[in-house]
Amino acid sequence: MSRKLSIHLKLVVSIAALTGWLMACNIDLSPPTQTISNQIPYVAQETGDYCVPASIQMSAKFYNLYPPTQADLFADMGGQPSGFGPGGVEIGQIAPAMALYGGVGDAVMDHMFFTDNTFLARQISAATQPSPVIALINQGYHAGVINGGQWHKETDPNTGGTMYVWDQLHFHDPSGGPNIAYTAAAWAGTNCGDANPVCYDALSNSAAQAGPQVMNNYDVVMYGGDGGIDRGPKEY
Amino acid sequence: MKTPLIFTAVAAAFFATTSAQAWNLSQCSETGLARHANYSNVLRRAKPTDRMYVPKPFPQNDAQIIEDFNFQFRYLRSVQAPEQMRPQEKQLLALLNGGRLDTKVIPVENWTGRRCLGARDGDRMYLLRFYDGRTHSEVARATLQDSGLMDATAYREPGVDPAWWTIAIPAPDDAAKTVGALVGQHLIDAQYVTTYGTFECNALLPCVSMRSPSTNTTYIADQSGHVVALPTNAKRFSRAHDLAQVEDIERVKKTLAPGQKLMSLGGDVYAVVEKVK
């Protein structure tokens with residue numbers, strides 16, 4: 001064996017051994033801080049009733065699809081001006097339209113009370129795939145699309161282990177503008193938390209299920225929360 | 001760091017917060033008040049390393065409000081690598097650190113369904129409007145809870161429609177004169193409000209509420225020219241009992257006549273308002 005080949009072999013073996021050790025010890029190789037932008041194109045709603053059609057269009061454009069007009073989407077969903085659900089569209093129409101026109105074939109309407117602390121885990125799991133999430137906000141009267149967020153790692157003062165601080169979330173609000181930044185605790189009040197028990201979002205079922213199992217052991221807290229009332233969902 | 005402090009002080013002195021006549025139309029429950037009080041105590045005792053720390057809990061003036069925002073904004077940027085910041089975040093940070101950020105504070109009464117329900121949600125919010133001190137253009141807006149904790153931040157970005165920075169936010173008294181002329185009444189006690197419902201007022205672009213003493217009617221005007229009326233005897237709903245889930249909202253909305261909308265008054269109360277314009 002030549003000297004050059006020997007060096008290469010040692011290097012490969014060392015890397016393999018190091019990787020094996022890291023995997024066996026479950027060492028966290030993720031970066032200390034991360035900002036996620038899903039690059040979902042922003043679409044403004046054309047009338048006061050069209051927050052859901054605009055959200056469907058954002059989802060479709062993320063997948064480079066050409067969605068129907070907001071008026072056509074609204075009509076297709078049986079929407080009525082000043083109608084019955086978020087922006088005049090009944091809640092049951094959102095996921096099927098997201099599947100048909102928004103490029104999310106397995107879209108479902110997820111709905112849990114805040115007492116089920118896996119709701120936000122599923123939401124962020126889908127958003128970080130990335131896959132569009134149409135979230136209902138303001139106690140169910142408005143909707144938009146999550147476009148990413150920001151988190152960082154700290155040492156948990158209680159356990160000495162790694163603690164993940166969910167800093168903020170970026171929300172495409174069809175009537176307010178792109179990338180509205182909510183601190184994590186503020187998002188819980190806006191979408192799903194103690195100030196907003198009306199927790200709904202439409203998202204990919206498979207993407208929603210992909211994350212929590214992997215992140216099961218993560219220790220997550222919300223920025224802007226007190227670590228008790230606003231402690232983040234353990235599963236995320 | 002003298003320059004930013006000077007700018008902050010100047011901005012605070014120039015844009016004095018006037019909030020002596022704030023009012024609302026619903027009361028918080030004892031449970032809600034106790035929950036908020038407990039949360040407030042935790043906030044007041046928080047240390048700088050805590051995730052809900054603000055340097056001036058429940059700020060009393062514009063300078064303290066701005067100090068609370070600046071602390072939280074700087075913290076959120078400090079845990080990011082520079083290359084991970086969005087361009088708009090970088091711009092705001094540069095203006096802040098360079099002492100070129102002028103900030104205007106507007107008190108907005110919290111009539112959303114979060115008031116009384118969420119521990120961190122109080123009677124009032126603050127809208128902060130950020131201007132580039134050299135160009136005088138508005139570059140961002142943010143909302144804070146009355147506790148000083150950050151809520152939402154919106155940045156001026158290309159392609160935003162409607163471009164909120166081009167939409168004027170008239171002084172409350174000016175809005176009262178305009179709406180008063182429309183309805184033929186003398187309107188008083190005008191103030192900014194944020195609401196939920198099918199008549200929604202985003203705190204980043206707040207509505208103005210005002211009262212007509214002669215007809216016992218409250219009027220609410222948004223920044224798109226819509227006006228609704230809320231008579232004293234308007235039908236009211238409990239969020240917890242009548243509007244707990246979206247299916248309930250759908251059921252209630254089916255009972256509304258054309259021109260009627262649902263609007264939160266804060267606490268547990270939603271009311272039916274009538275379209276005026």
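Two strands count as paired if DSSP finds at least two bridges between them. The model is predicted, and one such pairing crosses from one chain to the other: strand β6 of chain A, residues 177-183, is joined to β4(B) by two bridges, and the two strands run antiparallel. Within this pairing, Tyr182(A) has Ala152(B) of β4(B) as its bridge partner.

The pairing can be set against the wider contact between the chains. Here 45 residues of chain B are in contact with 45 residues of chain A. On the chain B side, α2 (30-45), β4 (150-155) and α7 (246-253) each supply at least two residues. Of these contributions, that of β4(B) is the largest share, at six residues. Sorted by class, the side of chain B that touches chain A holds 20 nonpolar, 15 charged and 10 polar residues.

Chain B itself comes next. Seven helices and 11 strands make up its list of secondary structure elements. Along the principal axes, its C-alpha atoms fill a box of roughly 55 × 40 × 35 Å. The radius of gyration of chain B is 20 Å, which agrees with a compact globule, because a globule of 277 residues would have a value near 19 Å.

Of the 277 residues in chain B, 45% are buried. Among contacts in chain B with a separation of 6 or more, 58% are between residues 24 or more positions apart.

Definitions and conventions:
Residues numbered from 1 in each chain as written. Chains lettered and ligands numbered in written order. Predicted model: local features only at pLDDT ≥ 70, side-chain atom pairs only at ≥ 80, totals over all residues. Contact = placed C-beta atoms within 7 Å. Helix = DSSP H or I, 4+ residues; strand = E, 2+ residues; numbered from the N terminus. Nonpolar A, V, L, I, M, F, W, Y, C, P; charged D, E, K, R; others polar. Rg over C-alpha atoms; globule rule 2.2 N^0.38 Å. Buried ≥ 20, exposed ≤ 12 C-beta atoms within 10 Å, placed from the backbone.
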